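The sequence and structure come next, followed by the notes.

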Amino acid sequence: EQGLSAEEEEAGYLYVPTGGTSGNPRFARHTRETMRAGALGLAQALGGGPLSSWCCLPGHHVGGWMQVVRAVETGGTVTFGEYRDLANPAKAPAVEGRLLSLVPTQLTRLLESELAVKRLSTCRMLFLGGGPMSPALRKLAREARLPVAPAYGMTETAGMVTLLKPEDFLAGEEGVGEALPHAELIMEEETGRVLLRAKSLFRGYLGEKLSNAHVSGDWWATSDLGNVSPQGRWHILGRLDRVANTG
């Protein structure tokens, strides 16, 4: 790498793969500090204390890796398993009181199992990201009284930057909640694109400078469309790169 400060060189880098929906894998460059910021921002939003997880997401992607970082930075622990273990009577996943992270497809399948639903209901919080929840999935999760916490984030932000807490989800609130303490989000008026800046923001892609991904200053341009309520609650509406301009 060229053009890095001595401080950046000393911090070291971890390259995390991200493919998004483009189909072209890239590697986002993170430091100990960017990942630490993501972990501590979430911990602050949850009132402090250890963040302990039951991890069933791949450790080589940000969703799994950040569960380890959160435990290290807050004094928590992580246990590992396959998400299908939750529906398997022969398995005894220790999820009670722990944080879980799932994607909508996984939760949809688990809701078909009474045993999985019973186990999920004992977890501290069930983060749901990686894609939108369908109206049907939201309805089923609420009927089961699961502690679902829809979140918005990505590899480039070392995980979630917004969170809707379970009590708000169960009360019927839609969207992905408010920005976490380490992040700020705004909407680009002309396009509806979500712009963000965060202490957890990546340092660029492998072989590319971070400035290539910026719109201006330190605001990073995502590929997502969204809007925000007067109360600061965010809704993600879709992908900008899936919009066809017919006019």
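Where does Ala158 lie? Ala158 is in the loop between E7 and strand E8 (159-163), where helices (H or I, at least four residues) and strands (E, at least two) are DSSP runs, numbered from the N terminus.

The model is predicted, so local features need pLDDT of at least 70 and side-chain atom pairs count only at pLDDT 80 or more, while totals for chains, interfaces and linings use all residues. Residues are numbered from 1 along each chain as its sequence is written, and side-chain values use heavy atoms, with hydrogens and water left out.

**Positive phi**

Most residues other than glycine have a negative phi.

| Residue | Phi |
|---|---|
| Arg145 | near 60° |
| Ala158 | near 55° |

Arg145 is placed in the loop between helix H6 (135-143) and strand E7 (148-154). Ala158 counts as buried because its relative accessibility is 2%; buried means under 20% relative accessible area, exposed over 50%, partly exposed in between (1.4 Å probe, protein chains only).

Leu102 belongs to strand E5 (residues 99-102) and is buried, with a relative accessible area of 2%. Its C-alpha atom is separated by 5.2 Å from that of Leu128, 26 residues apart along the chain. Not counting residues up to four places away in sequence, Leu102 touches several residues, including Cys56, Tyr83, Leu110 and Phe127; contact means heavy atoms within 4.5 Å.

Gly81 sits in the loop between strand E4 (78-80) and E5. Leaving aside neighbours within four places in sequence, Gly81 is in contact with Trp54, Cys55 and Cys56. The C-alpha atoms of Gly81 and Leu57, 24 residues apart along the chain, are 8.6 Å from each other.
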